[in-house]
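Please keep the sequence and the structure in view while reading.

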Amino acid sequence: MNNLIYLDNAATSFPKPECVYLAVNKALRESCGNPGRSGHKLSLAANQTIHEARLLCARLLHAKKPEQIIFTNNATTALNIAIKGLLQPGDHVITSSLEHNSVARPLKHMEAQGVEVSKIPTDFIHGLNGNVIKPYQKTNTKLVVCTHISNVTGTINDIASIGAFCRKQGILFLVDAAQSIGTKPIDVESMCIDMLAFPGHKGLLGPQGTGGLYLKPGLPLNTIIEGGTGSTSESLIQPENLPERFESGTANTPGLAGLAAGIRFILDTGIDTISAHETNLTQQLIEGILKIEQIQLIEPNIIPGRGSVVSICFSHISVAEAALIMDSAFQIAVRSGLHCAPDAHQTAGTLKTGGTLRISPNYFNTTEDINQCLEALQLIAKGR
């Protein structure tokens with residue numbers, strides 16, 4: 001894998017910091033007991049590992065208390081817990097036309113249960129803000145849910161503006177931070193975020209199979225999974241206290257050890273440093289793409305003010321074929337297709353043409369990686 005240029009970080013980050021690999025290994029060897037289930041040393045060590053990960057997540061998001069962080073196996077599970085645990089028949093929810101299926105599909109499911117859904121046609125350049133949402137508000141509007149950064153276009157929604165609007169109107173606000181956490185500053189308190197779902201394996205640089213949900217204190221949610229929590233075992237009723245209420249079953253201790261290491265790396269490096277590097281690479285990439293006539297860049301093309309997710313199409317070749325050539329001929333890993341976000345492609349007009357080729361650099365990529373990517377794109381565009 002030494003010659004591989006990895007530019008598919010919107011799907012999952014690679015490589016991980018060395019400290020992440022070491023933390024997972026150490027956890028498997030030294031804290032592999034079942035957390036919260038026993039009193040022996042290995043179980044207590046596992047419990048401490050998870051507590052540390054929770055503290056670091058809370059610190060990163062500026063949450064007041066660590067128990068507001070609910071660990072899940074990915075952002076999709078977190079979004080399902082939030083959406084299905086909150087909404088009831090007769091409720092109204094507002095969302096965007098750029099959402100990943102991890103938001104769109106649960107909302108479609110709830111729509112069949114009697115929930116009303118308003119999907120706002122979303123501008124790729126400016127995204128959503130409180131003023132855009134305001135005309136869609138109804139008397140029964142209970143929730144606004146949207147992505148922070150589109151996983152197809154890199155469009156950034158103004159979540160601080162949306163949060164302020166929702167808080168003023170008494171509407172709950174759920175953020176899908178799959179493409180932003182770890183690379184953009186997020187403050188759940190100052191941004192008036194009530195719930196925030198996140199993966200551990202993307203911008204947080206942790207292992208796959210990790211993720212979580214931030215919950216505002218006192219927010220009542222119904223459970224969608226019940227089971228063993230290691231607490232109040234004498235009762236057949238799921239406990240009310242956090243985080244146990246939403247953490248049934250054995251936790252992924254090695255994965256959360258790796259997640260904690262990834263967050264420590266981010267905090268030590270600095271979000272601003274990571275964001276600036278990704279922005280510079282994205283600007284280099286976009287400026288190069290705009291010079292290739294046979295390639296169409298899916299907006300936005302403004303820098304800064306967008307995420308490090310770049311989507312393109314070719315005039316004479318399918319994106320699937322282009323991605324295959326990138327991998328086989330140039331050793332460059334990118335992704336083609338719909339990226340599990342058909343609404344975004346419907347908005348972009350790329351739904352029926354196979355989607356886009358998506359290029360997503362991160363902190364570990366270099367300017368030379370981008371140069372080689374652009375050279376490969378130039379050759380593919382010319383049919384060579």
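Helix α8 (residues 271-289) lies across β9, β10 and β13 (356-359), and its direction makes about 15° with that of β10. Helix α11 (residues 367-381) also packs on the sheet, where it touches β9, β10 and β13 and runs at about 20° to β10. Contact here means heavy atoms within 4.5 Å. Axes are lines fitted to C-alpha atoms, for helices over the stretch in contact, and angles run from 0 to 180 degrees between N-to-C directions. Helices (H or I, at least four residues) and strands (E, at least two) are DSSP runs, numbered from the N terminus.

The open sheet itself has 4 strands in the order β9-β10-β13-β12, with antiparallel pairing. Two strands pair if DSSP finds at least two bridges between them. β9 (295-297) and β12 (335-337) are the edge strands; each has a single partner strand, so one side of each is left without a neighbour in the sheet. From one strand to the next, the twist averages 30°. β9 pairs with strand β10 (residues 310-314) in the antiparallel sense over 3 bridges, and Ile295 stands opposite Phe314 in β10.

## Basis of the model

The model is predicted: local features need pLDDT of at least 70 and side-chain atom pairs count only at pLDDT 80 or more, while totals for chains, interfaces and linings use all residues. Residues are numbered from 1 along each chain as its sequence is written, and side-chain values use heavy atoms, with hydrogens and water left out.

## The seven-stranded sheet

Another open sheet is formed by 7 strands in the order β2-β8-β7-β6-β5-β3-β4, and its pairing is mixed. At its edges are β2 (69-72) and β4 (116-120), each of which pairs on one side only. The twist averages 20° from one strand to the next. Strand β3 (residues 92-96) pairs with β4 in the parallel sense over 5 bridges, and Ile94 stands opposite Ser118 in β4.

α2 lies across β2, β7 (195-199) and β8, running at about 120° to β2. Helix α6 (residues 159-169) lies across β5 (141-147) and β6 (172-176), and runs at about 160° to β6.

## Salt bridges

How many salt bridges does a search of the whole structure find? The search finds 11. A salt bridge is a side-chain nitrogen of Lys or Arg within 4 Å of a carboxyl oxygen of Asp or Glu. One of them joins the side chains of Glu247 and Arg54 (2.8 Å, N to O). Glu247 lies in the loop between β8 (211-215) and α7 (253-269) and Arg54 in helix α2 (residues 41-61), so this pair ties together parts that are 193 residues apart in sequence. Both Glu247 and Arg54 are buried, where buried means under 20% relative accessible area, exposed over 50%, and partly exposed in between (1.4 Å probe, protein chains only).

Lys108 and Glu111 meet through their side chains in a salt bridge (3.7 Å, N to O). They are 3 residues apart in helix α4 (residues 101-112), a separation of about one helical turn. Lys108 is exposed at 58% relative accessibility, and Glu111 is partly exposed at 36%. A salt bridge also links the side chains of Glu240 and Arg245 (3.5 Å, N to O); Glu240 is exposed at 60%, whereas Arg245 is buried at 11%. Finally, a network of salt bridges links Arg167, Asp194 and Lys216.
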